[in-house]
Amino acid sequence: MCRSIRTLRPPTTPEVTDEDIRAAALQYVRKVSGFRAPAAHNREVFDQAVDAVAAATQDLLDGLQIRGSAARRPSHP
């Protein structure tokens, strides 16, 4: 669906920043909504969607267990 979203899970991407997660969430919401930049009357719901997708992405990455890895990634606050 979003070819510009890169894989964020280890070991493919060993260091994932909050900015990486936010960028992926933004790309996803842009694709699904069809808006690169929403109009002012859609800005709040657009930004809320980006926040929700970023949080879900962080939860997913924190919960994944990587085969052969004893340690899991630390959670972010």
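Which residues make up the largest nonpolar core? To see them, select Leu8, Val16, Ile21, Ala24, Ala25, Val29, Phe46, Val50, Ala54 and Leu61, ten residues in all. A nonpolar core is a set of buried Ala, Val, Leu, Ile, Met, Phe, Trp, Tyr and Cys residues joined through side-chain atoms within 4.5 Å. Buried means under 20% relative accessible area, exposed means over 50%, and partly exposed lies in between, for a 1.4 Å probe and protein chains only. Helices α1 (18-33) and α2 (43-63) each supply at least two residues of this core.

Before the next stop, please note how the model is to be read. This is a predicted model, in which local features need pLDDT of at least 70 and side-chain atom pairs count only at pLDDT 80 or more, while totals for chains, interfaces and linings use all residues. Residues are numbered from 1 along each chain as its sequence is written, and side-chain values use heavy atoms, with hydrogens and water left out.

**The whole chain**

Display the protein as a cartoon. It contains two helices and zero strands; helices (H or I, at least four residues) and strands (E, at least two) are DSSP runs, numbered from the N terminus. Of the 77 residues in the protein, 23% are buried. Of the contacts with a separation of 6 or more, 47% are between residues 24 or more positions apart, where contact means heavy atoms within 4.5 Å.

**Phe46 in the core**

Select Phe46, which belongs to the largest nonpolar core. Which residues does Phe46 touch, not counting residues up to four places away in sequence? They are Leu26, Val29, Arg30, Ser33, Phe35, Arg36 and Pro38. Val29 is also listed among the residues of the core.

**Two salt bridges**

Side chains of opposite charge can pair when their charged atoms come close. How many salt bridges does the structure hold? It holds two, a salt bridge being a side-chain nitrogen of Lys or Arg within 4 Å of a carboxyl oxygen of Asp or Glu.

Select Arg22 and Asp51, whose side chains meet in a salt bridge (2.4 Å, N to O). Arg22 lies in helix α1 and Asp51 in helix α2, so this pair ties together parts that are 29 residues apart in sequence. Arg22 is partly exposed, with a relative accessible area of 36%, and Asp51 is partly exposed at 42%.

Now select Asp47 and Arg43, where the other salt bridge spans 3.1 Å, N to O. These two residues are four apart in helix α2, and about one helical turn separates them. Asp47 is partly exposed, with a relative accessible area of 28%; Arg43 is also partly exposed, at 35%.

**The largest pocket**

The largest pocket holds about 180 Å³ of space. On a 1 Å grid over the protein atoms alone, a pocket is an open set of points where a 1.4 Å probe fits, with protein on both sides within 12 Å along at least five of seven lines; lining residues have an atom within 4 Å of a point. Grid points are joined across faces, edges and corners, and the volume is the space filled by probe spheres set on the points.

Which of the 13 lining residues are the closest to the centre of this pocket? Select Ile5, Arg6, Leu8, Thr57 and Leu60 to see them. Helix α2 gives the most to the lining, with four residues. By class, the lining has nine nonpolar, two polar and two charged residues. In this count, Ala, Val, Leu, Ile, Met, Phe, Trp, Tyr, Cys and Pro are nonpolar, Asp, Glu, Lys and Arg are charged, and the others, Gly among them, are polar.

Is Thr57 buried or exposed? Thr57 is buried, with a relative accessible area of 19%, and its place is in helix α2. Not counting residues up to four places away in sequence, Thr57 touches Leu8 and Ile21.

**Pro11**

Finally, select Pro11, in the segment before α1. At 61% relative accessibility, Pro11 counts as exposed.
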